[in-house]
Every structure is written in structure tokens, then in C-alpha cells.
Amino acid sequence: MDTGNEHITVEKKKEIGIITINRLEARNALNRKMLHELGDTLTCLENDLQIRVVIITGNKDFCAGADIKEMNEIKPEEIESFCRWGHKVINQIENMGKPVIAAITGFALGGGCELAIACDIRIAGKAAKFGQPEVNLGLIPGFGGTQRLSRLVGIARAKEMILTGKIIDAKEAESIGLVNRVVKDEELMIAAEEMAQVIAQKAPIAVKMAKTLINENQEIERGLEKEINLFAQCFATRDRPEGINAFLEKRKPEFKGI
Ligand code: CAA
């Protein structure tokens, strides 16, 4: 389907809408243009009566997080609105009236991992890798990760991932409940489409109500709001430019806690 998008492509296969993230040169990092295109695409698929299930996947990688280079150019006073906008798009997935399946290939890091965990179901290829490495940049997860990850894998595992910034493989992600299933990389889309087909045959209103009710239990809004606030506070520290510059200069950061 030609949407005129630069980074987000959409394919419709009967009742299934497949969104593919496509920004190979930056490992599919989320820049503002992509965020904009993703939000619009989700709205289109939400309003498309033919579509019953959505799959989100990536070309080679799923998504390596927010675009670090672009983020470095954002002024501290503008970061809260950027973070709030990211939350809005990610919340669109969680609140969508149709199930969203993440089909994860390659890296799902930072905002990319947060995108995956806002989906209803995650299927990963064997080579997929997950992490919330924001602490390496002097930051915290800023697209809902501090709230959704602990609800998914438990507080201890979420703290281990977020505080160490470590990257885990698909097998470990499955063992802690971060992904539903791991399949051979070459079978990822087959597995995701099979699951989407199963759901697409069920009663759409019942499916929507079940999703809404399960989400209702999460009581996530207050924590999400606080995350936006604290992300902006971290962004205003001196450790943040040190972390980001260290990444861009491919060196180890020296954090001072100021
Ligand atoms: N933003 C911008 N560019 C990125 C990027 C990102 N998140 N991730 C990778 N890239 C770019 C790299 O800068 C590099 O570009 P150049 O060729 O111009 O140098 C290119 O993609 C390929 O990456 P690498 O050379 O680093 O490839 P690698 O195989 O050595 O490592 C990687 C791959 C482990 C994904 C590594 O690139 C990496 O650690 N990326 C950053 C991941 C990260 O920290 N994500 C969190 C971002 S902050 C965030 O998401 C906040 C939030 O919660 C909203």
C-alpha cells in the first residue's frame, strides 16, 4: 500500500495489517518523522473496518530505540513534549481496538523494546535481542518502559534490565515472559501471520472487549505521567550529554551524577 511514508510501510493481507519499520541506516531508530508516520498509520488501521489484527515488524532490526542523534539536538525545555508525544503513539498501540502482534527480528532496544512491550503479543526470531540501555546514555526509558516492563516480567527482572542496561537474547526473553514465543528467524512472519489469522477469525467485539478489560487491570496512567516528568529531569542533567556523546564517539561514558 503506498502511503507516501518514508520509514513506515503498510501491507494489507485480508484482515491483517502489517506495519514494517524501515530505516536501515540507523537500525530502525525512531526519529520524529517515523513517530509521526507510525501514529498516522495506526490511526488508519484502527479506522479500517476490514482490518482485525495488526502486526508490527521491522526490516532486519525491530527498532534500536529513539534516535539518539536527533535527541541530542532537542533542547531540555522541549524534551517533555517529545516524550509525551512518544507516549501518545505507544499508547495508541495499547489502546487500539484490535490486537497488535509484534514480530521481532534483530534489535529491540530502548524505545524499540518499549514499542514491542506495548503490543498485545510478542513473537521473536531466534536472533532477536532486547534491552533498555538508556542508563548508558544518562537516561531512563522514556516511552513507557519503566511501567510496562515490570508488569510484564516482574519487578526484579525489570530492575535488572533497566538498571544494568544489559541486552538479552530471545531465549532469555522467552524465559522471563518478555516474549510469548521464539521461532526460527526465517519463520517469524509465518508464525505471526498464523497467530493473527487465528485471532482474525474470532468475534471482533469480543476480542476488543477482552483486550480492553485485560489492560484495565494495569492501572498504568499515573506511573506513565511520572515517567515523562523524570525522563525530562534526567535529560536536563550533565550526565545525559556525556552519555549521548560517548555513544556517538563510540567510547565509554564517565558519569558524575550531576
Ligand atoms: N539512534 C540513532 N542511531 C542509531 C541508534 C539509535 N538509537 N542505534 C544505532 N544507530 C546507528 C549507529 O549510530 C550507527 O550509525 P553510523 O553508521 O552512522 O555510526 C548505525 O546505526 C549502526 O549501529 P552500530 O554501528 O552501533 O552497530 P552495532 O552492531 O555495533 O551496534 C546496537 C548495534 C547495539 C543497536 C548499537 O547501535 C546501540 O547500542 N544502539 C543504541 C541503542 C540504544 O541505546 N537505544 C536507546 C535509545 S534512547 C531511547 O530509546 C529513549 C526512550 O526510551 C524513548
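**Note on a predicted structure**

1. Strand β3 is covered on both faces: V53, I55 and T57 on one side, and V54, I56 and G58 on the other, are all buried. Six of the six residues of β3 are buried, and the strand is mostly covered.

2. Six of its six residues are buried, so β2 is largely enclosed by the rest of the structure. In a regular strand the side chains alternate between the two faces of the sheet. In β2, I16, I18 and T20 point one way, while G17, I19 and I21 point the other way, and all are buried.

3. Which strand runs parallel to β2? Strand β3 (residues 53-58) does, and six bridges join the two. Within this pairing, I16 stands opposite V53 of β3, and the bridge partner of I19 in β3 is I56.

4. Strand β1 (residues 8-13) also pairs with β2, here in the antiparallel sense and over six bridges. K13 has I16 of β2 as its bridge partner.

5. The protein chain has 11 helices and nine strands. Its radius of gyration is 17 Å, close to the 18 Å that the globule rule gives for 258 residues, so the chain is as compact as a globular protein of that length. Along the principal axes, the C-alpha atoms fill a box of roughly 55 × 40 × 35 Å.

6. Burial, contacts and surface can be read together. Buried residues account for 50% of the 258 residues in the protein chain. Of the contacts between residues at least 6 apart in sequence, 74% join residues at least 24 apart. The accessible surface of the chain is about 12,700 Å², and 53% of that area belongs to carbon and sulfur atoms. As for charge, the chain has 36 positive and 38 negative side chains, and the centres of the two sets lie 2 Å apart.

7. Beyond its neighbours within four places in sequence, T41 is in contact with N5, I8, V10 and I19. I19 is one of the β2 residues described above, and it points the same way from the strand as G17 and I21.

8. Helix α4 (residues 111-118) contains L115, which counts as buried at 0% relative accessibility. Leaving aside neighbours within four places in sequence, the contacts of L115 are I21, L38, F62, I90 and I93. I21 belongs to the set of β2 residues that are all buried.

9. E193 lies in helix α8 (residues 188-200). The residue is buried because its relative accessible area of 19% falls under the 20% cut-off. Not counting residues up to four places away in sequence, E193 touches K13, I16, I18 and I55. Two of the points above return here: I16 and I18 point one way from β2, and I55 is on the side of β3 that also holds V53 and T57.

10. E174, in helix α7 (residues 170-175), is partly exposed, with a relative accessible area of 35%. Apart from neighbours within four places in sequence, E174 is in contact with V179, N180, R181 and V182. The C-alpha atoms of E174 and R122 are separated by 9.5 Å, and the two residues are 52 residues apart along the chain.

11. Helix α11 (residues 239-248) has D239, R240, E242, G243, I244 and A246 as its buried residues. What covers them? The cover includes α2 (68-72), α3 (76-95) and α10 (221-235). Just after α11, K250 takes a positive phi of about 55°.

Key: Residues are numbered from 1 along each chain as its sequence is written. This is a predicted model: local features need pLDDT of at least 70, side-chain atom pairs count only at pLDDT 80 or more; totals for chains, interfaces and linings use all residues. Side-chain values use heavy atoms; hydrogens and water are left out. Helices (H or I, at least four residues) and strands (E, at least two) are DSSP runs, numbered from the N terminus. The radius of gyration is taken over C-alpha atoms; the globule rule is 2.2 Å times the number of residues to the power 0.38. Buried means under 20% relative accessible area, exposed over 50%, partly exposed in between (1.4 Å probe, protein chains only). Contact means heavy atoms within 4.5 Å. Accessible areas come from the Shrake-Rupley method with a 1.4 Å probe; for residues, only the protein chains shown count as cover. Lys and Arg count as positive and Asp and Glu as negative; His and the chain ends are not counted. The place of a charge is taken as NZ of Lys, CZ of Arg, CG of Asp or CD of Glu. Two strands pair if DSSP finds at least two bridges between them.
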